Amino acid sequence: METDPLQTRKHFILGFGALLLSGLALSSTLFAKLVSYLSGDRMSQIDRTLFLKTKLSRMDQTASERKLELERKSSEYIFIAKMSDLLATKGKYFIDYEMRPALAFQSSEDGLPILISAKCTHLGCTVGADLDENSRILCPCHVSYFDIKSGMPHAGSPAKAPLPHIGWVIMDKQSKIVASKHPKREVEIVEKLDMDSLDHYSIYIAKKFASKATGEA
Amino acid sequence: MVKSNFFKQCLEFVSERIPVEKISYEAMVQKKSVPHHKMSWAYYLGGLTLLFLSIQFITGILLLFYYQATVSDAHSSVEHITQYVGGGDLIRNLHAWSSSLMILCLILHMMTTFAMKAFQRPRELTWITGVVLLLLTFALGFSGYLLPWHQIGVNATKVGLQSIELIGAYLPGELALLPTKIKEIIQGDSMVEQATLSRFFALHVVVCPILLLGILGFHLFSIQLHGMSEGVDHPTGKSEKFFPTFILKDLRVWSVVFCAAFITALCIPFDSFSPFPLLAPYDALGSTPPGIKPEWYFFFIYYPLELLPFWLIALLQNLLLAILFLAPWIFKNTSRKALFLITLVAAIYFFGITIFGQDLYNLIMGVHS
Ligand code: HEM
Ligand code: FES
């Protein structure tokens, strides 16, 4: 097939022109973006105020985590909650002596605290705080249900080992120990609790019950 | 003399793989040609990977201007980039899109070079450096996921690292503690914390890129030395000059692909594929939100890990690695037809599980519970 050299040249010029134009458009967009990127942020007064607030609150959060860590290094007892603040169906998160997440419930049977590790024994996700109708908590990562009384996972769940319980002590308003529980032993009652005025009592975790002291993993 | 014989063999092995006498502008550039046949498109894949790698380097350096690698500031510094720095959302988006596209091209590149038997003598070292590049790229992907310090990244990292510890259950005696030790060395702490972020940051922006560049240098150098492999059983005899014909075609493909990636990054936030709460800053004191997943290119190992016994996956994974490294010797006498079939099966598995993994998971878990 014969091609008209004039036609060919026209096509070439058109094609080349189009390429040049689009190349120019692309590279100028790129260049403009780059320059504005390198010139730093453009924030309104309000944006900057809000953003600084966010930043500060994140720093506060980090600071409070650091404080928790320091407290766990230095204190014999750490406050977890008032007895009256514990619920039977929804756990309260706290951080144990090893800086791992844990949950505190009130037992629906005897009204005493149940403190249990919330670090899933499967792959270490943090277990949810809500109790289902079979008094189990759920790890959402790969669906393991744990019975909070025994710590055992349900049959067929990916987690095989039980969630360990954590020991506690209960003190009254004068910081006198009225009851305590070693993670492996029965509850020791020093003085009978007045179950009608639970806000007189506070729950603490104790260094002597931490897994390092009791020799568990 | 056994010893000197062995030495001679080593020397021969190396000199055949790295033919230094060929180092010349003439042999490496002027004379190099690229075969022309129905699989020729595959010769663009390595180059495309290179294009995306370059985008990663440029956008990565730009992100470094604003990113802060501390647990309290990481998330807000990323927010700062995307919301308040001009063009920042584009830069971050390009980095995210291009990382995924790079891995996609890389996997296709590996599959096609395998199917075309490009790993054959004398190109064994090209193949092996390729496998190392693949591992390094995965390491870049894994370490990068943690840097924004959002819920999904931190929790996925925790789970990923924790699975190292599971190996301990299959080791005897004192050895059983080794995986935990290894995990803690990677983590730098007993938990995923600031120490982990610092380490992953160093790995992501210094260690992996430097190793990658060095090994890539060798990869490309040996390709120029050996020229392109034929790639098919019955060569058509047709070929194109590498310089300038193929390079120009390469550039043409690059410009089209770059435009496409650029427009994609401009219009579609990479984040839009993640459910929003998972991108909130990591909360050390709260429960792990449901839906924690690694990036899509780890699905091929993530879903089997979810569904099958751990020891089986650990075994298969090590087997796969060994096969990849030894491929030039294992498949020495395998026909291209058979290699093509193997690649097809691997590709169906990889893309099948990547796309339908979640459905498969729901199906199986739904039946169980
Ligand atoms: C950072 C990642 C990588 C980059 C940037 C890269 C780049 C390239 C380039 C530019 C080429 C020449 C053009 C082509 O054949 O496509 C090439 C060839 C090759 N690559 Fe890669 N590559 C990478 C990873 C890999 C991996 C993971 C493998 C396989 C395990 C691999 C195996 C090969 C082989 C065997 C060749 C020779 C092909 C032939 O001679 O026909 N590469 N690579
Ligand atoms: S981490 Fe809890 S079930 Fe897997």
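**Note on the iron site and some local details**

1. An N or O atom in the side chain of B:Ser229 sits 3.0 Å from an oxygen atom of ligand 1. This is a polar contact (a pair of N or O atoms within 3.5 Å; within protein, one must be able to donate a hydrogen and the other to accept it, and residues adjacent in sequence count only if both atoms are side-chain atoms). Backbone atoms take part too. A polar backbone atom of B:Gly46 is 3.0 Å from an oxygen atom of ligand 1. For B:Tyr43, a backbone N or O atom lies 3.1 Å from an oxygen atom of ligand 1.

2. A word on the basis. The model is predicted, so local features need pLDDT of at least 70, side-chain atom pairs count only at pLDDT 80 or more, and totals for chains, interfaces and linings use all residues, while side-chain values use heavy atoms, with hydrogens and water left out. Residues are numbered from 1 along each chain as its sequence is written, and chains are lettered from A and ligands numbered from 1 in the order in which they are written.

3. Which protein atoms hold the iron atom of ligand 1 as donors? They are NE2 of B:His109 and NE2 of B:His219, lying 2.0 to 2.1 Å from the iron. Donors are N, O and S atoms within 2.8 Å of the metal (3.2 Å for Na, K and Ca); water is not among the atoms, so sites may look incomplete. The two histidines link distant parts of chain B: B:His109 is in helix α5 (residues 88-115), B:His219 is in helix α9 (residues 194-226), and 110 residues separate them. Helices (H or I, at least four residues) and strands (E, at least two) are DSSP runs, numbered from the N terminus.

4. The iron site is octahedral, with angles of 81 to 179° among its six donor atoms. B:His109 and B:His219 are both buried. Buried means under 20% relative accessible area, exposed over 50%, and partly exposed in between (1.4 Å probe, protein chains only).

5. Now the wider shell. Ligand 1 has 25 residues around it, and B:Gly46, B:His109, B:Gly130, B:His219 and B:Ser229 come nearest. A residue counts as near if one of its heavy atoms lies within 4 Å. Four helices of chain B, α3 (43-64), α5, α6 (124-146) and α9, each supply at least two shell residues. Which helix gives the most to the shell? It is α6(B), with six residues.

6. Helix α9(B) deserves a look. Its 33 residues reach 46 Å from first C-alpha to last, close to the 48 Å expected at 1.5 Å a residue. The expected span is 1.5 Å times one less than the number of residues. Yet α9(B) has a kink of about 45°, centred on B:Leu203. The bend at a residue is the angle between axes fitted to the seven residues ending there and the seven starting there. B:Gly227 follows α9(B), and its phi is positive, near 75°.

7. B:Tyr43 has a side-chain partner as well. A polar contact of 3.2 Å joins its side chain to that of B:His37. B:His37 lies in the loop between β1 (33-35) and α3 of chain B. Is B:His37 buried or exposed? It is buried, at 11% relative accessible area.

8. Check two cis peptide bonds. One runs from B:Arg121 to B:Pro122, with omega near 5°. B:Pro122 is in the loop between α5 and α6 of chain B. Another runs from B:Phe243 to B:Pro244, also with omega near 5°. B:Pro244 lies in helix α10 (residues 242-267) of chain B.

9. Check two positive phi values in residues other than glycine. B:Trp149 has phi near 55°. This residue is in the loop between α6 and α7 (151-166) of chain B, and B:Trp149 is buried, with a relative accessible area of 5%. A:Val143 has phi near 60°. The loop between β5 (136-139) and β6 (144-147) of chain A holds A:Val143, which is partly exposed at 38% relative accessibility.

10. Last, one side-chain pair. B:Gln162 is in helix α7 of chain B, and is buried, with a relative accessible area of 11%. Its side chain makes a polar contact of 2.7 Å with the side chain of B:Glu165.

Conventions
Four donors count as tetrahedral if all angles lie between 85 and 135 degrees; four count as square planar and six as octahedral if opposite donors are over 155 degrees apart and all others between 65 and 115; anything else is irregular.
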